[in-house]
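Hi,

Here is the structure I promised to pass on to you. Have a look at it first, and then read my notes below.

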Amino acid sequence: FNLLKAFEGVDFLLPEIVQQRDWVKVKLPESFRLMAFGNSQLSKLARGYMESRGFNINKLTTQGIGYCTKGDYSGFIIFPFYQQGNLIYFIGRWFIQVGEGKFKNPSVEDFGLGKSMLTYNADSLAIYNKIYTVESIPNCLTIGNNSIATMGKAISTYQLSMILRSPVKKVIIGLDDDAIFEAIKLGLKLVHHKKVKILNLPSGKD
């Protein structure tokens, strides 16, 4: 990417060691059901919402994605985070508006980690030579298995370290159109260690 070449003399970040951590035992909400299962009105609404966004229900089911019908996460699509075969976290996104915020997730105290240590589909870093780095889970699911979601515009040191220490050879950065500056900053941190390409998405398109 030519824009990266224009930044001469910029300090680059050496890879940092990702500390191994003991996973806290995580359970999905009690009323959780995989996307393809259930015949209630909430079940149909959940599937209808995801289908309206272009997703295949059977594929979502194989990826462990589901919804909740009762309790604190009733009316939410549940996106589990798996790492090294362990369920480490989950995030809920409402498919029927149940409050002011679209998202609901466990606290740091619940599972021992927060947003800065979360990378959706992190295991792909150990599998693919080329990965796409995007902001959101829906974007990640749309692209496919060789993508990760950083859950925001700015990547944390922990997330960056995971990419740097991985065997991935090429990173394609596809942050939302309003995050081009953050995409360039990330590219500059990676370019001395990986092949980097930055996608400049059209306004309003992601």
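This is a predicted model: local features need pLDDT of at least 70, side-chain atom pairs count only at pLDDT 80 or more; totals for chains, interfaces and linings use all residues.

Residues are numbered from 1 along each chain as its sequence is written, and side-chain values use heavy atoms, with hydrogens and water left out.

**The strands**

Helices (H or I, at least four residues) and strands (E, at least two) are DSSP runs, numbered from the N terminus. Two strands pair if DSSP finds at least two bridges between them.

There is an open sheet of five strands, in the order β1-β2-β3-β4-β5, with antiparallel pairing. At its edges are β1 (32–34) and β5 (103–104), each of which pairs on one side only. Look at β1 and β2 (residues 66–68): three bridges join them, and they run antiparallel. Arg33 stands opposite Tyr67 there.

Now go to β6 (130–134). β6 pairs with β7 (residues 147–149) in the parallel sense over three bridges, and Tyr132 faces Ser147 in β7. β6 also pairs in the parallel sense with β8 (residues 170–173), over four bridges. Here Lys130 stands opposite Lys170. Next, β8 runs parallel to β9, joined by four bridges. Lys170 turns up again, with Lys195 as its bridge partner in β9. β9 (residues 195–198) has a covered face, made of Val196 and Ile198, and an uncovered one, made of Lys195 and Lys197.

**The aromatic rings**

A pair of aromatic rings is described by the distance of the centres and the angle of the planes. Rings of Phe, Tyr and Trp (its six-membered ring) pair if their centres lie within 6.5 Å; planes under 30 degrees apart count as stacked, over 60 as edge-to-face and the rest as tilted.

The count comes to four aromatic pairs. In one of them, the ring centres of Phe81 and Tyr89 are 6.0 Å apart and the planes are at 85°, so the pair is edge-to-face. Phe81 also forms an edge-to-face pair with Tyr120, at 5.2 Å centre to centre and 85° between the planes. Which parts of the chain does the pair of Phe81 and Tyr120 tie together? Phe81 lies in β3 and Tyr120 in the loop between α4 (108–111) and β6, so the pair ties together parts that are 39 residues apart in sequence.

For accessibility, buried means under 20% relative accessible area, exposed over 50%, and partly exposed in between (1.4 Å probe, protein chains only). Phe81 counts as buried because its relative accessibility is 1%, and Tyr120 counts as buried at 6%. Tyr89 is buried as well.

Elsewhere, ring pairs link Tyr73, Phe76 and Phe90 into a cluster.

**A charge over a ring**

A charge sits over a ring if NZ of Lys or CZ of Arg is within 6 Å of the ring centre and within 35 degrees of the ring normal. Find Arg93: its charged end sits over the ring of Trp94, 4.9 Å from the centre. Arg93 also lies over the face of Phe103, at 6.0 Å from the ring centre.

**The spaces**

On a 1 Å grid over the protein atoms alone, a cavity is a set of points where a 1.4 Å probe fits but cannot get out, and a pocket is an open set with protein on both sides within 12 Å along at least five of seven lines; lining residues have an atom within 4 Å of a point. Grid points are joined across faces, edges and corners, and a volume is the space filled by probe spheres set on the points.

The largest pocket holds about 700 Å³ of space. Of its 33 lining residues, the closest to the centre are Glu135, Ser136, Ile137, Pro138 and Asn139. Which element gives the most to this lining? That is α5, with five residues.

Among the residues lining the largest cavity are Leu175, Asp176 and Leu201.

Finally, Asn58 lies in helix α3 (residues 57–62). At 53% relative accessibility, Asn58 counts as exposed.

Enjoy exploring!
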